[in-house]
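Let us read a protein model together.

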Amino acid sequence: MSSSPLVSLASGYGPYPTPAVAVEAAMATLRSNRALPVSAAEGQPELRAALASHYRQWGATHVTPEHVVVTPGGKAGLLTLLQAVLQPGDEVLVPTPAWFGFWEVIQRAGGVVRLLPLSADDNYAFTPAQLAEALTPRTRLLLLTNPNNPTGRLYTRAEVGALLEVTQQHPELLVLSDEIYDLVQFGEDPTPTLLSFPDPHAQHLVLNGFSKSLELVGWGVGYLVVPPALARKCAAIQFATGKSVPAPAQAAAQAAVEAAAAIAADLLARLAPNRAQLLYALAALPHVPALPPPAGTYYAFPDLRAYLPPAESKEVASAALVTHLKSNGVEVVDGTSCGTPGFVRLSYAVEPAVLTEALPRLRTALEAMRKRI
Ligand code: PMP
């Protein structure tokens, strides 16, 4: 039992302050000495234009402001989009490990979750053959996350392109790419956006947001980039449900996307030493299979199956390990919530002192568990 207060590597949101340019832009709206404008359901035209131009920069040359819908966060954007495209009982294919937030959103939109388990043994390779085999006549949407939460795996242009050769043979199938961590990437090539690939059947949809790559934590701004007719349908759902994003948050978002390169560079500079420290500590843990360093996001997802206590199921064992870590002072996310028991998600988007405190506790707690089993 740890005597010091709990330290947490569990949150998906960084501790960093809102970028100054975004604070200034929001304040200017508030100080205008006029009533705040009531925002259009699809988002302010200036922000939609800035987002379209941001995506065009990454090779999505066809994107116009009419493709963009500003949403109250990424999660709300996902719900609206799924409500717009799913019929009750439609299947959504989710390669796992995946973000634990997806399941309930899909279900609340009337969809049925179908899992496609990928394996740590081949660093979560996702092959065209696996995809072709998993599709059924009921599959309406394939949900990709690139880079992936929780594994940090970044799928390359060649890998995504190979999957799209399969999806193009199924023109009724939609492909949604959650690119909310797109700028949190440590590789040489940028995250390939789905919107930069040929899309002869208008199947490609993108979800993105401001709370990860652009440090607008807690501002509640996300967005969709989808064909204009679908964008209008999503805006109509937002209008009917009163979901438009308040003007100060949209002004902050616009300033953030216009300064995206600088904000992301600042974030990566803060993350880099933490990333090195975490990966070094994980590599030194016995019985944890080595994987290539995750190229994207601010997570690592180590395989702790060698540390699971005996239990009636993998899920129960995984929960017991996470509880044991917590009682030894470190909070982490149980991989079961991401579809992968026996793994844990660790975030290094934390203050350096938190990581420095957490890593030895993690190691000591794991060693203690190993002695018990
Ligand atoms: N998608 C993924 C993969 C996420 O990790 C998250 C947040 N954890 C979201 C979407 C939702 O983000 P938001 O904070 O904008 O609702």
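The questions below go from the whole chain to one residue.

This is a predicted model, where local features need pLDDT of at least 70, side-chain atom pairs count only at pLDDT 80 or more, and totals for chains, interfaces and linings use all residues. Residues are numbered from 1 along each chain as its sequence is written, and side-chain values use heavy atoms, without hydrogens and water.

Me: What radius of gyration does the protein have?
Reply: The radius is taken over C-alpha atoms, and the globule rule is 2.2 Å times the number of residues to the power 0.38. For 373 residues, a compact globule would come near 21 Å. The protein agrees, with 21 Å.

Me: What share of the 373 residues counts as buried?
Reply: Buried means under 20% relative accessible area, exposed over 50%, and partly exposed in between (1.4 Å probe, protein chains only). By that rule, the buried share is 54%.

Me: Which helix holds Leu30?
Reply: Helices (H or I, at least four residues) and strands (E, at least two) are DSSP runs, numbered from the N terminus. The protein has eleven helices and twelve strands. Leu30 lies within residues 20-30, helix H1.

Me: Is Leu30 buried or exposed?
Reply: Its relative accessibility is 51%. Therefore Leu30 counts as exposed.
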